[in-house]
Amino acid sequence: MKFQPKASHFIDGEYVESAAGQAIEVIYPATGETIARLHAATPAVVEEALQSSKTAQQKWAAKTGTERGRILRRAAEILRARNYELSELETHNTGKPIQETLVADASAGADALEYFGGLAASMTGEYIPLANGDFAITVPEPLGVCVGIGAWNYPIQIACLKAAPALACGNAMIFKPSETTPLSALKLAEALMEAGAPKGVFNVVQGYGDVGATLVADRRVAKVSLTGSVPTGRRVYAAAAEGMKHVTMELGGKSPLIVFDDADLENSVSGAIIGNFFSSGQVCSNGTRVFVQKRIKTAFLERLSSRLAFAKIGDPMDPQVNFGPIVSQRQLEIVKTYIARGIAEGARLVHGGHQLARPGFYLEPTVFADVTDEMTIAREEIFGPVMSVLEFETEEEVIARANATEFGLAAGVFTGDLARAHRVAKKFEAGTCYINTYNAAPVEAPFGGSKLSGVGRENSKLALHHYTEMKTIYVSVNNLHAAY
Ligand SMILES: NC(=O)c1ccc[n+]([C@@H]2O[C@H](COP(=O)([O-])OP(=O)(O)OC[C@H]3O[C@@H](n4cnc5c(N)ncnc54)[C@H](O)[C@@H]3O)[C@@H](O)[C@H]2O)c1
């Protein structure tokens with residue numbers, strides 16, 4: 001099998017197998033074929049990874065930020081040089097069209113390695129003058145061994161978004177990819193080793209939730225960064241709290257996208273398409289509740305339908321294809337259940353809604369109109385290509401409805417009125433807001449959620465604070481006077 005790795009795990013600079021571990025079948029979503037067979041880590045393999053990371057972290061932290069940064073930037077170059085082969089792997093791992101993986105996966109991962117590599121040497125503390133010539137200095141210190149746990153929609157990107165800031169700060173990372181998409185993180189481990197990272201600084205351990213849970217519970221682990229669903233986030237956050245560990249939680253959403261009647265229609269339709277159907281809708285920040293102002297609702301739906309006719313669904317390795325399959329049979333069934341629920345609860349199906357009669361897990365891009373706030377499809381995260389269009393009349397009304405959700409990952413507004421755009425963005429209860437665009441996530445800007453959608457931020461300088469602990473050192477230059 002072309003995509004079969006040398007072994008399931010990558011520990012201490014080498015591929016490691018665990019034949020006794022639970023089987024992991026890696027399926028190409030476009031055909032349903034098995035492309036690799038891996039095994040979940042046994043307790044012995046998890047132990048090996050923890051010991052290796054613990055030792056490596058000390059060596060890594062002893063390097064200067066400049067040295068660590070150079071290695072991360074070299075790893076970025078390696079990923080860029082291998083972008084085509086990594087994109088091909090990611091397309092087979094996830095089913096996402098090659099035209100997407102070429103620009104949004106390994107290359108976005110390389111951006112993170114480059115960005116945080118550049119910042120690694122800038123992690124310095126402060127000199128704080130105190131009374132009578134005393135002073136304090138602060139020293140940002142690495143946390144130690146960090147665990148990264150990934151979701152299946154952006155496997156190598158997620159691995160890089162966690163590893164790059166963690167390593168820049170002098171931490172080691174054990175990464176557990178999603179059991180659905182375990183392959184590309186191994187390639188990141190290879191690239192980091194080739195770039196000169198000490199063995200064990202980035203280890204990859206495969207497995208299901210139980211392997212993740214074992215890692216989270218281990219006392220040698222100082223921090224956990226999870227990308228996943230809210231229910232998993234609750235479990236992982238609670239387990240981390242037992243050991244008072246640092247966490248970053250990048251969780252799910254049900255984000256609103258508001259289109260006012262003064263917005264550029266073509267741009268708003270583009271925003272709704274980008275925010276619902278990229279990666280077959282399997283994007284955490286998707287604006288799946290599209291609130292359209294009453295006066296333009298019909299025009300919006302007509303334009304949307306005509307644009308969707310140009311979605312080219314098919315073999316994701318075909319460079320012309322821009323809409324691929326759902327990641328797995330299981331996820332396909334979940335999305336189909338939501339579509340059935342939408343119909344049963346009275347939403348009007350205006351586009352798609354059906355599985356394609358071909359091998360693989362293909363589902364049409366789907367649009368529901370006349371959706372109301374109470375419907376299941378407007379409340380729960382579907383994580384598939386299902387857009388709900390809701391009608392509104394006033395700004396005040398739509399803000400209240402947009403925020404009436406337990407999630408707070410992202411939110412978007414399309415309008416020609418700049419003052420209104422800022423007014424609305426300020427009122428959004430969401431970590432990442434968009435004005436006249438949607439779903440951009442460049443490494444330079446913070447990304448993350450509020451409310452149930454998460455804790456902490458990835459990307460940007462802020463991410464570094466989530467991988468360091470500030471030590472304060474007080475220094476006295478005076479004699480000490482005690483009471484007795
Ligand atoms: N906010 C973000 O940046 C972001 C990005 C991508 C995906 N997501 C979210 O991810 C979800 C889809 O991904 P998924 O289905 O892989 O999520 P999931 O929650 O099912 O799994 C995520 C990861 O957690 C692991 N896991 C499961 N139980 C665990 C436990 N008890 N302890 C430790 N690890 C455990 C899984 O093995 C997997 O690696 C969606 O909700 C989506 O919104 C969020």
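**Active site, ligand shell and domain contacts**

UniProt puts an "active site" feature at Glu-250, in an unreviewed entry; such annotations may be inferred rather than shown by experiment, and positions follow the numbering used here, with feature names shortened. The model is predicted, so local features need pLDDT of at least 70 and side-chain atom pairs count only at pLDDT 80 or more, while totals for chains, interfaces and linings use all residues. Residues are numbered from 1 along each chain as its sequence is written.

Glu-250 sits in strand S11 (residues 246-250), strands being DSSP E runs of at least two residues and helices H or I runs of at least four, numbered from the N terminus. Glu-250 counts as buried because it has 28 C-beta neighbours inside 10 Å (the cut-off is 20 or more other C-beta atoms within 10 Å, with C-beta atoms placed from the backbone). Leaving out residues up to four places away in sequence, Glu-250 touches Leu-226, Thr-227, Gly-448, Gly-454 and Glu-458 (contact: C-beta atoms within 7 Å).

As for the ligand, 29 residues surround it, with Gly-209, Gly-212, Gly-228, Thr-232 and Gly-252 the closest (near: C-beta within 6 Å). Helices H8 (209-217) and H9 (230-242) are the elements giving two or more residues to this shell, and H8 gives the most, four. Domain 1 (9-251 + 453-471) and domain 2 (256-435) both contribute to the shell, so the ligand lies between them; the bounds come from an automatic or database domain assignment.

The centres of domain 1 and domain 2, taken over C-alpha atoms, are 31 Å apart. Across the interface, 18 residues of domain 1 contact 23 of domain 2. On the domain 1 side, H4 supplies the largest share, three residues.

Key. A residue is buried if 20 or more other C-beta atoms lie within 10 Å of its own, exposed if 12 or fewer, and partly exposed in between; C-beta atoms are placed from the backbone. Two residues are in contact if their C-beta atoms, placed from the backbone, lie within 7 Å.
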